[in-house]
Amino acid sequence: MGIPRTSLTRLATAVVLAVASAVLVVDGSPAVATGCSVSAASPACSAPSSRLTHPAKKKKRSQTIHFTSHAPSPALVGVNYDPHAKATSKLRVRIGLGSASKGCSLNAGVVRFTGAGTCIIRASQGGNKSYKAARAVYQSVAVTKYTQSIAFISPVPSSPTVGGTYKPTAAATSGLPVTITRDSSSTGCTFSSGTFTFAGGGPCTVEADQKGNAEYGPAPRVKQVIQLPKLAQTITFSSTAPAHAVVGDTYRPAASASTHLTVKLGLTSASTNCTMTSGLVTFTGSGTCVVTADQAGNAEYSAAPQVVQSIQVVKKTQTVSFTSMAPSPALVDATYHVTATASSGLAVTFTLDASSAGCTLSSGVVTFTAGGTCVVDADQVGNTTYGAAAQVLQSIPVTKKSQTISITSTIPSPALVGNTYTPVATATSDLAVTFTKESDSAICSVSSGVVTFNGAGTCVIDAGQAGNGAYLAATTVQQSIQVLQKSQSVSFSSTPPSPAYVGGTYTLVASSTSLLPVAYTLDGTSSGCSLSGEDVTFTAVGTCVVDANQVGNATYSGAVQVQQTFAIDKQGQTISITSSPPSPGVVGSTYDLVATATSGLTVAFTQDPASAGCSLSGNELTFTGAGTCVVDADQPGNGAFTAAPQLKQSIQVVKQDQTVSFTSTPPSPAVAGSTYDPAAAATSTLDAVISLDPGSAGCSLSNGEVTFTGAGTCVLDADQPGSAAFSAAPQAQQSIQVVKQDQTVSFTSTAPSPGVAGSTYDPTATATSTLDVGISLDGTSTGCSLSNGEVTFTAAGTCVLDADQPGNAAFSAAPRVTQSISVVKADQTVSFTSTAPTTATIDDVYSPQAAATSGLDPAITLDGTSSGCSLDNGDVTFTGVGTCVIDADQAGNGAYNAAPQVQQSISVVKKNQTISFVSSAPGAPMVNDMYTPDATASSGLDVTITLDPTSTGCTLDGDGVVTFTAAGTCLIDADQAGDATYTEAPQVQQSIVVN
């Protein structure tokens with residue numbers, strides 16, 4: 001293969017330079033040849049100079065770099081790009097990211113676009129001994145997010161009604177969740193938990209947003225507008241109409257709407273007895289004056305239903321007053337002449353009031369007839385000019401005479417239950433005295449003046465005289481009478497059995513001297529019996545104690561309790577076994593047991609706990625093996641008989657011996673994984689049973705075949721458990737030595753160094769035994785997880801993998817081997833992607849958005865120093881004056897460190913408001929004219945109406961009515977001081993010249 005021409009040229013040049021700087025040796029010292037050159041024409045040099053110089057240093061060559069790959073423009077998030085660059089030196093070019101790079105990452109030479117930003121790719125070549133380092137070159141790639149759009153899935157309600165709901169749904173082309181909110185201009189609905197509730201009164205605007213993420217930019221906001229019917233409003237009169245207006249009076253009505261819109265006042269066409277001028281109603285005649293209040297509504301509210309005030313206009317009033325002085329108090333049988341006058345001069349009429357008591361009235365003269373309150377009414381019914389006068393009253397107390405009572409009869413001593421007593425008493429008024437029982441005297445009763453004693457205790461009798469028209473009620477006097485009960489006793493007339501036997505019965509008989517019924521109960525100490533009514537049943541051995549009681553009644557006291565006590569016993573019994581047992585018992589034969597009890601009760605047979613060699617079924621014994629068969633005979637007794645003493649029968653049972661031996665030869669030694677079929681026989685010809693000894697190791701037994709599973713001593717047992725005729729054979733054994741092989745494990749995959757959080761690694765390992773190797777995370781491992789054989793690097797740490805092979809029947813467990821991998825994670829930053837308002841106004845809403853270079857979702861919160869705002873569902877609402885500070889954080893994850901916090905600081909100020917008068921000031925009012933000024937604020941807050949300090953010629957009352965009192969300039973000020981949301985409004989004035 002020939003040498004390229006360019007290479008030959010470089011070689012020739014190098015030779016010339018090398019010869020020109022060659023070091024010659026002259027007389028043992030180096031000298032530099034000068035003044036000569038090597039060429040085809042002059043192959044020789046002149047003699048060397050005696051002057052010595054150092055050899056010349058070889059200079060490095062320059063090199064340049066250029067990219068050979070074209071970067072995407074723009075690049076989309078989530079796309080990969082494999083950049084390539086070459087150096088003129090043909091040395092390998094290193095690809096990296098610039099320090100200011102944002103929105104991409106580099107792994108194994110491949111750039112991945114991770115978020116919006118400018119990705120700066122750097123190509124460099126550090127040079128070598130022949131080439132200088134090249135100047136780095138860069139590719140700048142704008143990384144943009146995918147665009148997305150939103151569309152509503154749910155249709156706009158065609159006929160929305162107030163109180164109805166609507167839950168809108170929308171989808172983004174990105175597939176990201178869409179946020180539904182209510183536009184701040186909406187007046188016809190409310191929004192909570194994804195559902196709009198229609199309140200009416202204007203449009204309801206639904207907004208759908210998608211803020212995007214690391215891959216998608218924010219979607220353009222879309223809206224749905226729902227037109228709601230107007231809201232209803234009502235009118236309320238704030239002024240109280242006079243209940244009865246008098247002809248010539250005036251009244252200024254006032255009313256307000258629930259919407260605070262201006263209300264129009266007027267009169268109905270039927271109101272002919274009144275007029276309205278400048279809002280003032282004047283009553284011109286008697287009748288009904290009807291004032292109307294209307295509000296026509298606006299764009300948000302429908303017209304309010306008209307409300308009215310109906311005012312009854314009445315005649316002039318008059319009053320009545322008494323001119324005579326009534327006696328106080330008045331005595332029964334006295335008289336009094338009553339007089340009164342009316343302010344109208346009309347005649348007054350006298351009558352007795354409906355509540356009056358104790359007097360009569362005739363021709364203006366009152367006669368007092370009994371104690372009470374005499375009430376005289378004075379009335380004037382009016383005429384065509386005057387209305388009826390309000391009735392006036394004179395109340396005159398009338399007093400009665402007093403009286404006393406004396407009881408003249410003597411109470412019985414003692415008084416017994418069931419007896420009677422007739423009390424006697426007199427009153428100083430000679431009026432009849434009435435006897436009653438004191439309310440708490442429950443043990444006696446009074447009827448027609450006769451007292452009956454119903455029970456023991458204290459009977460209290462009241463003597464009273466209620467008075468009449470001339471006498472007051474007398475003070476009550478009392479008699480207290482002690483009433484006693486009769487005594488009684490109880491005795492048994494029946495004799496209990498002696499002795500009493502279990503199962504017997506006995507009827508109780510007892511009586512009381514009062515002839516009241518006796519109650520029977522079992523005493524708390526009683527045992528062995530039961531009681532039903534008067535019959536005692538003997539149920540068990542014990543001492544039966546019966547109590548007899550008579551508790552008494554209202555007439556008799558309780559009797560002293562009496563008892564009957566008697567013992568209860570039961571009889572004994574014995575057992576006899578009447579059958580003869582075999583001697584000895586032969587295994588396999590049977591024997592029928594027979595026994596009787598003196599009580600005639602059935603005898604039960606059981607095997608004694610010490611019994612061996614037999615089984616019992618009912619009364620039949622079967623001899624099952626050698627031993628001593630012991631049978632117990634029992635009769636447990638019952639309610640009438642005690643248990644019988646137990647009897648036993650003992651029978652000796654015998655059977656034959658046998659032996660067992662292995663008939664197969666075992667392997668020696670046994671190899672793990674091989675098998676062996678053992679065989680054994682018994683002298684009885686019964687089948688021998690082969691099993692693994694409890695101390696056996698290294699083998700298993702299944703279906704009569706031994707499998708050697710691992711190193712150890714396999715021990716086989718041969719047994720014959722015997723039968724009904726043969727004893728169990730002595731056990732025989734075979735011992736077999738079993739051995740197994742060693743194995744080792746090694747990783748066959750190369751672990752990454754270091755492991756990058758978020759990446760994966762598929763580890764593999766093999767064992768010399770070819771058995772499957774298990775790979776697991778070591779207990780000290782951090783920063784990774786293992787699932788289905790794949791390692792995922794989750795966070796910074798040291799990931800430690802263990803490879804194990806536990807062995808099997810043929811192989812020992814392999815020694816564990818490990819792989820240790822250092823895992824690192826990346827940094828990230830957060831930045832706001834939304835522009836905050838420099839100054840926000842209360843009630844404004846701002847939706848802050850932020851993104852992290854990691855593509856993780858940042859958390860947006862209000863800073864602890866923040867004031868004047870709230871955060872809900874990602875929207876900041878400015879609630880009051882202050883500085884709203886919004887924090888954006890990204891806490892990181894296994895792949896990224898926490899990002900440094902960033903903030904947005906927004907100054908929040910109040911809203912402005914203005915005031916305007918909604919009432920028109922009168923043009924040239926006269927003295928005594930009136931005017932009710934009214935004004936509203938754009939904020940909807942209440943406006944304060946006052947007179948300006950410089951105002952003259954008018955006054956302002958507490959109802960907001962201006963009265964023009966004299967010639968001058970009346971200045972009316974309207975103010976609104978603001979609140980937490982609104983600043984103070986500029987003051988406005990009305991200036992009215994009063995003539």
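Author: What follows treats the disulfides and then some loop residues.

The model is a predicted one. How many disulfides does the structure hold? The structure holds eleven disulfides.

One of the disulfides is formed by Cys189 and Cys204, whose sulfur atoms lie 2.1 Å apart. A pair of cysteine sulfur atoms within 2.5 Å is taken as a disulfide, and the 2.1 Å between Cys189 and Cys204 therefore meets the cut-off. Why is the disulfide of Cys189 and Cys204 called right-handed? The torsion about its S-S bond is about 85°, and the disulfide is right-handed because of that value. Cys189 belongs to strand S16 (residues 189-192), whereas Cys204 belongs to strand S18 (residues 203-209), so this pair ties together parts that are 15 residues apart in sequence. Both Cys189 and Cys204 are buried.

The link of Cys359 and Cys374 is right-handed, with 85° about the S-S bond. Since Cys359 is part of strand S34 and Cys374 is part of strand S36 (residues 372-379), the pair ties together parts that are 15 residues apart in sequence. Cys359 is buried, and Cys374 is buried too.

The remaining example is the disulfide of Cys869 and Cys884, in which the sulfur atoms are 2.1 Å apart. The link of Cys869 and Cys884 is right-handed, with 85° about its S-S bond. Strand S88 (residues 869-872) holds Cys869 and strand S90 (residues 882-889) holds Cys884, so the parts tied together by this pair are 15 residues apart in sequence. Cys869 and Cys884 are both buried.

Is Ser363 buried or exposed? Ser363 counts as exposed because its relative accessibility is 73%, and the cut-off for that word is over 50%. The C-alpha atom of Ser363 is separated by 106 Å from that of Gly217, a residue 146 positions away along the chain.

Two further loop residues have a positive phi. Ser448, which is not a glycine, has a phi near 55°. Ser448 is found in the loop between strand S43 (444-447) and strand S44 (450-453), and with a relative accessible area of 79% Ser448 is exposed. Leu515 is not a glycine either, yet its phi is positive, at about 65°. Leu515 lies in the loop between strand S50 (510-512) and strand S51 (519-522). Leu515 counts as exposed because its relative accessibility is 78%.

The bond from Ser413 to Pro414 is cis, and its omega is near 0°. Pro414 lies in the loop between strand S38 (405-407) and strand S39 (415-416). The bond from Ser583 to Pro584 is also cis, with omega near -5°. Pro584 is found in the loop between strand S56 (575-577) and strand S57 (585-586).

Methods:
Residues numbered from 1 in each chain as written. Predicted model: local features only at pLDDT ≥ 70, side-chain atom pairs only at ≥ 80, totals over all residues. Heavy atoms only, no water. Buried < 20%, exposed > 50% of the residue type's maximum accessible area, 1.4 Å probe, protein only. Helix = DSSP H or I, 4+ residues; strand = E, 2+ residues; numbered from the N terminus.
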